[in-house]
Amino acid sequence: MAKRVLVVEDNELNLKLFCDLLRAHEFVAEGVRDGREAVVRARAFQPDLIITDIQLPHVSGYELIAQLKSDLALRAIPIMAVTAYAGREDEERIRAAGANTYVSKPIALAAFIAQVKALL
């Protein structure tokens, strides 16, 4: 059975890129453009992995990761953050929020898929 990946990304082009790339590698991908909807969608979709942007409107990626990790039904799902921030302090902050790993933008397609596969 194909692994399910929820992608939270407010940029429509990035969301399409991530979902298309995942589907091309035989994952079932569902996109969410608004972080405020991500927890509800995750409960309904039951993903094996959640990929989230850090810079989201309304709720930051850090806040979203904290919400996901505090939800008993979702806390075991690995999270990969995708961010334009790539400094050492940014990585530490992302991991402290609860993300398992992160990929910096612009993404390298092979590295992105390698990280996804490593988490699954």
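Arg 33 is partly exposed, with 44% of relative accessible area, and in this predicted model its side chain meets that of Glu 12 in a salt bridge, with 3.5 Å from N to O. Side chains of opposite charge can pair in this way when their charged atoms come close. Glu 12, at 53% relative accessibility, counts as exposed, because the cut-off for that word is over 50%. The pair links distant parts of the chain, since Arg 33 sits in the loop between β2 and α2 while Glu 12 belongs to helix α1 (residues 12-24), 21 residues apart.

Another joins Asp 34 to Arg 36, whose closest N and O atoms are 2.6 Å apart; here Asp 34 is buried, at 15% relative accessibility, whereas Arg 36 is exposed, at 53%. Within helix α4, Glu 91 and Arg 95 lie 4 residues apart, about one turn of the helix, and their side chains meet in a salt bridge of 3.1 Å, N to O. An α-helix has 3.6 residues a turn, so residues three or four places apart point the same way. Arg 95 itself is partly exposed, with a relative accessible area of 37%. Salt bridges can also join into a network, as they do for Glu 9, Asp 53 and Lys 105.

Just after α2 comes Gln 46, which takes a positive phi of about 55°.

Helix α3 (residues 61-70) in turn has a partner in helix α4 (residues 88-97), for the axes of the two come within 8 Å and cross at roughly 30°. That crossing angle makes α3 roughly parallel to α4, because angles under 35 degrees count as such. Where these helices touch, Tyr 62, Ile 65 and Ala 66 in α3 meet Asp 90, Arg 93, Ile 94 and Ala 97 in α4, and by class this contact has 5 nonpolar, no polar and 2 charged residues.

Key
Residues are numbered from 1 along each chain as its sequence is written. This is a predicted model: local features need pLDDT of at least 70, side-chain atom pairs count only at pLDDT 80 or more; totals for chains, interfaces and linings use all residues. Side-chain values use heavy atoms; hydrogens and water are left out. Axes are lines fitted to C-alpha atoms, for helices over the stretch in contact, and angles run from 0 to 180 degrees between N-to-C directions. Angles under 35 degrees count as roughly parallel, over 145 as roughly antiparallel, 65 to 115 as roughly perpendicular and the rest as oblique. Contact means heavy atoms within 4.5 Å. Ala, Val, Leu, Ile, Met, Phe, Trp, Tyr, Cys and Pro count as nonpolar, Asp, Glu, Lys and Arg as charged, and the others, Gly among them, as polar. A salt bridge is a side-chain nitrogen of Lys or Arg within 4 Å of a carboxyl oxygen of Asp or Glu. Buried means under 20% relative accessible area, exposed over 50%, partly exposed in between (1.4 Å probe, protein chains only).
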